[in-house]
Amino acid sequence: RSIPIFSTGSSLSRKPAVELEQALLRTRALVSLLRCTGMRSITAVTLRLEQFTEAGSESGAMLLKRMERKCGSARNVEKPVYVCVVPHADPKLCPIVHISTAVGQHTDPTYELFAEGFTHKHGQDYVSFATMVQRRYIAILQCAAVAIGVPALFSEKKLHAFRVQSTNVLGSTGASEAEREAHIGW
């Protein structure tokens with residue numbers, strides 16, 4: 001049976017099961033990372049292995065260094081952001097487990113975790129490349145939402161919903177506005 005991808009009109013039926021499984025594993029890893037860090041999806045889709053380092057051998061935590069290209073309402077402002085991604089108590093909800101499962105045996109430090117199958121075209125700017133990659137994840141999540149009977153699950157916000165979720169979780173734990181700003185950039 002063919003399941004349409006709403007943004008392109010293509011279907012998933014032409015993909016081998018191995019490719020579909022890998023796409024779902026990457027989607028789970030991306031969503032898990034967005035949920036725990038609150039970063040913008042346009043930033044996350046081009047993360048490279050070299051941006052992650054071990055925060056300590058005993059803790060199992062990973063330090064992620066990324067560049068934020070928007071700070072609040074100010075655009076075209078670059079600032080480095082450091083986020084410590086810690087293991088979740090439940091491995092089924094752990095972003096580190098999800099990322100390692102999706103990445104597999106890749107060891108090239110410049111490997112982009114979530115842009116598998118996409119090629120940077122000569123002269124292509126960051127935003128247009130990252131937007132292409134984002135659309136794949138939006139389409140996969142939309143297919144999943146339709147498959148579980150909740151087609152409006154992500155409504156207008158799509159991947160931005162995970163950023164909102166992270167902000168809400170931080171707020172519910174008592175994080176101040178300044179602490180949320182430091183963690184998410186909002």
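Are E68 and R40 buried or exposed? Both E68 and R40 are buried; buried stands for a relative accessible area under 20%, exposed for over 50%, and partly exposed for values in between (1.4 Å probe, protein chains only).

The legends below describe a predicted model, in which local features need pLDDT of at least 70, side-chain atom pairs count only at pLDDT 80 or more, and totals for chains, interfaces and linings use all residues. Residues are numbered from 1 along each chain as its sequence is written, and side-chain values use heavy atoms, with hydrogens and water left out.

**View 1. Confidence along the chain.**
The average pLDDT of the chain is 81, and 84% of the residues score at least 70. Residues 1-11 have a pLDDT below 50, and this stretch has 18 contacts in the model beyond near neighbours in sequence. Here pLDDT is the predictor's confidence in each residue, on a scale from 0 to 100, and a contact means heavy atoms within 4.5 Å. Where pLDDT is low, the predicted coordinates should not be read in detail.

**View 2. The salt bridge between E68 and R40.**
E68 and R40 form a salt bridge in which the closest N and O atoms are 2.5 Å apart. E68 belongs to strand β2 (residues 62-71) and R40 to the loop between α1 and α2 (41-44), so the pair ties together parts that are 28 residues apart in sequence. A salt bridge is a side-chain nitrogen of Lys or Arg within 4 Å of a carboxyl oxygen of Asp or Glu. Side chains of opposite charge can pair when their charged atoms come close. Helices (H or I, at least four residues) and strands (E, at least two) are DSSP runs, numbered from the N terminus.

**View 3. The salt bridge between E116 and R26.**
The structure holds four salt bridges. One of them joins E116 to R26, with 3.1 Å between the closest N and O atoms. The pair ties together parts that are 90 residues apart in sequence, because E116 lies in the loop between α3 (95-103) and α4 (126-147) and R26 in helix α1 (residues 17-37). E116 is partly exposed, at 33% relative accessibility, whereas R26 is buried, at 5%.

R48 and E50 meet through their side chains in a salt bridge of 2.6 Å, N to O. R48 has a relative accessible area of 30% and is partly exposed; E50 is also partly exposed, with 40%. Q51 is found in the loop between α2 and β1 (52-54) and counts as buried at 14% relative accessibility. A polar atom of the Q51 side chain lies 2.7 Å from the backbone nitrogen of R48. Leaving out residues up to four places away in sequence, Q51 touches T46, L63, L64, K65 and R66.

**View 4. The surroundings of R69.**
R69 is placed in strand β2. With 32% relative accessibility, R69 counts as partly exposed. Residues touched by R69, not counting those up to four places away in sequence, are R75, N76, V77, E78 and Y126. From C-alpha to C-alpha, R69 and R40 are 9.5 Å apart in space, and 29 residues separate them in sequence.

**View 5. The largest nonpolar core.**
The largest nonpolar core has 27 residues, of which L30, L33, M39, L47, F52, I99 and F114 touch the most other members. Two or more residues of this core come from each of α1, β3 (74-85), α3 and α4. The largest share, five residues, is given by α1. A nonpolar core is a set of buried Ala, Val, Leu, Ile, Met, Phe, Trp, Tyr and Cys residues joined through side-chain atoms within 4.5 Å.

**View 6. Helix α3 and I99.**
In α3 the buried residues are P95, I96, H98, I99, A102 and V103. These residues lie on the same side of α3, because they cover an arc of only 160° around the axis; the arc is that of the directions from the helix axis to the C-beta atoms. I99 lies in this helix, α3, and is buried with a relative accessible area of 12%. Apart from residues up to four places away in sequence, I99 touches A29, L33, F52 and L113. The C-alpha atoms of I99 and F114 are separated by 9.5 Å, and the two residues are 15 residues apart along the chain. Just after α3, G104 takes a positive phi of about 65°.

How values were computed
A polar contact is a pair of N or O atoms within 3.5 Å; within protein, one must be able to donate a hydrogen and the other to accept it, and residues adjacent in sequence count only if both atoms are side-chain atoms.
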